[in-house]
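Hello,

Here is the structure I promised to pass on. Please have a look, then read my notes below.

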Amino acid sequence: MNPLIFQMILMSKAESKDALVEFRKMIETSASLLAIDNADEEDIERLKDIHMKTKSDFNKGWATVENDMVFHAEIYKSTHNPFVASIGNSIMEMFQPSLMISNRDYSKIVTENHDKILEALMHRDKKAMTQAVADSLDKWKELSLDESPD
């Protein structure tokens, strides 16, 4: 296991869920805004393909966290900054158990949130991206984190 992830998991046991959400929101918002600045058309096409595969899989009843992880990894990769990509992927690995709940139980909400994020990226709309990420993470907290006890 990545030492950074291990350290964050240990810390997450002692910290509040609100602090974890705040941390993820800070990282994902910053990375998504950087992706707006740095993503090229190939990055956007890869994200579209990943998103279409996710929708197709959900329609077939295949709710897998892998597509969600790949979508977020591609956003981090689209920043064209290896430090952001590394930290982002580590964070997604840390939150994978809660993402499994989201994808299994709330696949429609996951795809709607990804629709908004992808749309904001395609239009290079930073205000829409900030709102899409905030809304997505608020839903994630409400539906996946608040479901389990502290």
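Arg-24 lies over the face of Trp-140, with 4.3 Å to the ring centre. Keep in mind that this is a predicted model. Arg-24 is also one of the buried residues of helix 2.

The whole structure has zero of them.

Now helix 2 itself. The helix runs over residues 17–38. It has 22 residues and reaches 31 Å from its first C-alpha to its last. That is close to the 32 Å expected at 1.5 Å a residue.

Which residues of helix 2 are buried? They are Lys-17, Leu-20, Val-21, Arg-24, Ile-27, Glu-28, Thr-29, Ala-31, Ser-32, Ala-35 and Ile-36. An α-helix has 3.6 residues a turn, so residues three or four places apart point the same way.

Take Leu-20 from that helix. Its relative accessible area is 14%. The cut-off for buried is under 20%, so Leu-20 counts as buried. Leu-20 and Lys-141 are 121 residues apart along the chain. Their C-alpha atoms are separated by 9.4 Å.

Last, Thr-111. This residue sits in helix 7, which covers residues 107–122. Is Thr-111 buried or exposed? Thr-111 is buried, because its relative accessible area is 11%. What does Thr-111 touch, leaving aside its neighbours within four places in sequence? Thr-111 is in contact with His-51, Thr-54, Lys-55 and Phe-58.

Over to you.

Best wishes

Terms used: Residues numbered from 1 in each chain as written. Predicted model: local features only at pLDDT ≥ 70, side-chain atom pairs only at ≥ 80, totals over all residues. Heavy atoms only, no water. Helix = DSSP H or I, 4+ residues; strand = E, 2+ residues; numbered from the N terminus. Buried < 20%, exposed > 50% of the residue type's maximum accessible area, 1.4 Å probe, protein only. Contact = heavy atoms within 4.5 Å. Phe/Tyr/Trp six-rings, centres within 6.5 Å; stacked < 30°, edge-to-face > 60°. Lys NZ or Arg CZ within 6 Å of the ring centre and 35° of its normal. Expected span 1.5 Å × (residues − 1).
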